[in-house]
Amino acid sequence: MWDGESNVLDEFRRGNVDAFESLFRLHQRAVYAWIMKIVRNPAAAEDVTIETFWRIHRAHARFQPSRGFEGWARSIATHAALDWLRGHRRESEDFAEQATELAANAISDPAISSEIRRKTAQAFARLPPRLRITATLAVVEERPHKEVAEALGISVAAVKVRVFRALRRLRKDLQQQGITP
Amino acid sequence: MNPHDDERMRQLLHHALPPISELEPTRDLWPALLRKLDVHPAIPSWIDWALVAGLIVFAACAPASVPVLLYYL
């Protein structure tokens, strides 16, 4: 249907819905996977993926084909996921339970009890969203700092500062609960 | 926080929040996205067709009303 990716991108920029659908089909899995790493909830990740592509469509006229679609989409997805985290801060219990379930299925250190894992997940969910999202991507998912910086629209130095603050707050929170990491 | 503490916190986080493996949506998200975009092709409903038919019948019965209808369109 399309001669090449640049043609699809040009057509998308002009507002062509078929071109948008082609890009959606091509990138939805990657966008969903990225969002899932942040929100860690399949239903929420689907909603945020829809929200992301809706924002992408709204912003089609501002898209610059020379900069590529993937990075642009990832940045929009990151901000949509950040908004979701901001709107769901009270759901730390649910987050901790899901994290504990996932941890139970994963290979984990027997020296770290499920109670400690649950409390760590709860403390993590209590972090301010901008620290939480940075720590999720840079520490939990071990994404390169440059990639995290581009997705969040901040500098690499700012990513390092946020990671440091997130780990410090987490440590303090756990110490207040009698856990010494 | 020294580098050792930092490393311990990272390890603890890895155990509490393991990597995500479910990396595919469970359903096709395109229909939901289309609904959100509201870019469905406009298919007239039966009410629209009934209104058009009514207008044609009205115009046929009272041709003098056509200029008035056109004025208000």
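**Exercises on a two-chain model**

Of the 73 residues of chain B, 12% count as buried (20 or more other C-beta atoms within 10 Å of a residue's own, C-beta atoms being placed from the backbone; 12 or fewer is exposed, in between is partly exposed). This is a predicted model: local features need pLDDT of at least 70, side-chain atom pairs count only at pLDDT 80 or more, and totals for chains, interfaces and linings use all residues. Residues are numbered from 1 along each chain as its sequence is written, while chains are lettered from A and ligands numbered from 1 in the order in which they are written.

**Exercise 1.** Describe the fold of chain B and the side of chain B that touches chain A.

*Solution.*
- Step 1. Chain B has four helices and zero strands (DSSP runs: H or I of at least four residues for helices, E of at least two for strands, numbered from the N terminus). Its pattern along the sequence is α-α-α-α.
- Step 2. Contact joins 27 residues of chain B to 36 residues of chain A (C-beta atoms, placed from the backbone, within 7 Å).
- Step 3. On chain B, α1 (3–16) and α2 (30–37) are the elements that give two or more residues to this side. α1(B) gives the most, with 10 residues.
- Step 4. By class, this side of chain B has 17 nonpolar, three polar and seven charged residues (Ala, Val, Leu, Ile, Met, Phe, Trp, Tyr, Cys and Pro are nonpolar; Asp, Glu, Lys and Arg are charged; the others, Gly among them, are polar).

**Exercise 2.** Locate the largest nonpolar core.

*Solution.*
- Step 1. The core has 57 residues (buried Ala, Val, Leu, Ile, Met, Phe, Trp, Tyr and Cys joined through C-beta atoms within 7 Å). A:Ile35, A:Val39, A:Ala81 and A:Phe124 touch the most other members.
- Step 2. Helix α2 (residues 17–39) of chain A gives the most to this core, with 11 residues.
- Step 3. The core lies between domain 1 (5–87) and domain 2 (92–176) of chain A, because both give residues to it (bounds from an automatic or database domain assignment).
- Step 4. Leaving aside neighbours within four places in sequence, A:Ile35 is in contact with A:Ala45, A:Val48, A:Thr49, A:Thr52, A:Ala77 and A:Ala81.

**Exercise 3.** Classify the crossing of α8(A) and α9(A).

*Solution.*
- Step 1. The axes of α8 (residues 145–152) and α9 (residues 156–176) of chain A come within 8 Å and cross at roughly 100 degrees (lines fitted to C-alpha atoms, for helices over the stretch in contact; angles run from 0 to 180 degrees between N-to-C directions).
- Step 2. α8(A) and α9(A) are therefore roughly perpendicular (65 to 115 degrees; under 35 is roughly parallel, over 145 roughly antiparallel, the rest oblique).
- Step 3. This contact divides into five nonpolar, one polar and two charged residues.

How values were computed:
Two residues are in contact if their C-beta atoms, placed from the backbone, lie within 7 Å.
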